[in-house]
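Here is a short tour to read alongside the model on your screen. Take it one heading at a time, and keep the viewer open as you go.

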Amino acid sequence: MTLVDTLPAGQREVLLEVDNISLSFGGVKAISNISFDIRVGEIRAIIGPNGAGKTSMLNVINGFYHPQEGTITFEGVPRKRMRPHHAATHGIARTFQNIALFRGMSTLDNIMTGRGTLMKRNLLWQALWTGPAEAEEIEHREAVEKIIDFLEIQHIRKTPVGRLPYGLQKRVELGRALAAEPRLLLLDEPMAGMNREEKEDMSRFIIDVNTQFGTTIALIEHDMGVVMDLSDRVVVLDYGKKIGDGPPEEVRNNQDVIDAYLGVPHE
Amino acid sequence: MFLTDPFFWEVVISGLLAGVMYSLVALGFVLIFKASGIFNFAQGVLALFAALTLVGFMDGQVPFAHVINEALGTNYHHWYETPGGGDGAPIWFVALSIAATTAVMILLAWLVVKVVLKPLVNQEGIILFMATIGLAFVLEGVGDLMWGANIKVLDIGLPSGPSDWIIDQTGMFVNKLEISAAVVAVILVVSLTLFSQYTKMGRALRAVADDHQAALSVGISLETIWWIVWSVAGIVALVAGIMWGASSGVQFSLSLIALKALPVLMLGGFTSIPGAIIGGLIIGVGEKLFEFYIGPMIGGATENWFAYVLALGFLLFRPQGLFGERIIERI
């Protein structure tokens, strides 16, 4: 345990800072003037009713969307307009609300793609498949096997993921994101559509990732029970605006948040 | 019994070898379709352009000579004489020319990605398809301007003529050129398959073929992948161009062979590399057998349409092709 780990989440070093972000599609404002931060080693939940702008927020962090206003600072470096594949090379990995796996490929190959950003050998070596490229391939394969063990999916190693049940697909997707050894892991509704048992498994994996690897996690989740149990701090969005930010127990008692979830009419 | 008739086997073998040519063109289609969902109408022209460029390098032609001479009143034709004179060019020179042509195809792929694909990213498939039709016309025009429209002889020193050994052994006439084409095609397909199965870049190619967004999220650059895929398709086109050019001369009708790849794809499925190969072989053998055994009864010249009718049959009964992915939508 380092000093950082023992500090409460709110006092740790800032990993990612979202400052006054606004995003609109044509005339529709998806996000307006949102600021919050994600600190090293915490589990940060982003919650809110449907259409609140949670996934848009994740897409902004991930570089899929480009906000019209505001800045994002990751590891102290304010970033310019970023192309989506650069987020991954900079240490941000993610999963998707509707699973986005490579359906025709095996579990193993899917997770191997996650290590792509860590593999450096050039195309020529790869084409010859000898020397450094071969050694590299073997080294990364070992790392992937560790992830497979960790997620308890040894039995489906060679199965094309398109054939797997939903819960396992979600797990493989988590594995692919973990394979990149990300410094920030974005999970978009990791437990959507799961039964209670699957949710418990997934929660356990998320906590283990956080404590064993020290990975910082930002997650979107609808199940309030899960959010309250897992997260260190919660940010609440509604209609593209931030209406709450703080530790779970504080957010739970926030009147705006209660209104948003119970559906008080907006003026 | 016709199975013991050497003539039957001669027809089958010549069909298989013709099928290899179809497969090569179809392979280029499949590669691009898998990685980008684009049906590349320009694949046939790519083969033509590659063959023209190779001939240009081998003859030492000055590109755009006609245009330059018209504009400047000069009289350039050739940079250099082909070494070896009339006895055929030496191997090192052929290898050098092929390497130079490969470089041109890779450069062309880069241009296509930057100029055509990148501005159209996220557009409908039909729009990209139209863009490749445009590309086909542009390439044909540029090829014409660069190297001239006359029919050219491509001789890279591949063995040709009937193989004496096979005649001695079996009494069948089999062209050596077609055997070399088959060997080259097999090598190409095996190495492509190994590359896509066992390397990081191969995995990235398959990943992009499956899901663009997910591929981006693991740090795969779509542009780089498209560049690689179009380069590989360009190299496959070069091989196809060499083989077709060596057997029937490099001429602009070469770009029409692309149309023969369509029934091959309908048979094999647009997304399957083995499908492209098997589809090509089936069409090749099918049309030759039909031509020789049934053709005479219905007036001949069946090779022009047999492939399309076969493809139509497939569309009726198995629209995803023999090896294509069956799409089951969840509703």
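## The two domains of chain A

Chain A is divided into domain 1 (1–91 + 182–267) and domain 2 (101–181), with bounds that come from an automatic or database domain assignment. This is a predicted model, in which local features need pLDDT of at least 70 and side-chain atom pairs count only at pLDDT 80 or more, while totals for chains, interfaces and linings use all residues. Residues are numbered from 1 along each chain as its sequence is written, and chains are lettered from A and ligands numbered from 1 in the order in which they are written.

The C-alpha centres of the two domains lie 26 Å apart. Their contact takes 11 residues from domain 1 of chain A and 10 residues from domain 2 of chain A; two residues are in contact if their C-beta atoms, placed from the backbone, lie within 7 Å. On the domain 1 side, α3 and α8 (196–212) of chain A each supply at least two residues, and α8(A) gives the largest share, four residues. Helices (H or I, at least four residues) and strands (E, at least two) are DSSP runs, numbered from the N terminus.

## The sheet in chain A

Now look for an open sheet of six strands in chain A, with mixed pairing and the order β6-β7-β8-β3-β9-β10. Two strands pair if DSSP finds at least two bridges between them. The edge strands, β6 (92–94) and β10 (241–246) of chain A, each pair on one side only.

Within chain A, strands β7 (residues 184–188) and β8 (residues 216–220) run parallel and are joined by five bridges. A:L185 has A:I217 in β8(A) as its bridge partner.

## Where chain A meets chain B

How many residues of chain A are in contact with chain B? There are 26 residues of chain A, facing 19 residues of chain B. On the chain A side, α3 (84–89), α4 (107–114) and α5 (123–128) each supply at least two residues.

## Chain B

Chain B has 13 helices and zero strands. Its radius of gyration is 21 Å, close to the 20 Å that the globule rule gives for 331 residues, so chain B is as compact as a globular protein of that length. The radius is taken over C-alpha atoms, and the rule is 2.2 Å times the number of residues to the power 0.38.

Along its principal axes, the C-alpha trace of chain B spans about 65 × 65 × 40 Å. Among contacts in chain B between residues at least 6 apart in sequence, 72% join residues at least 24 apart.
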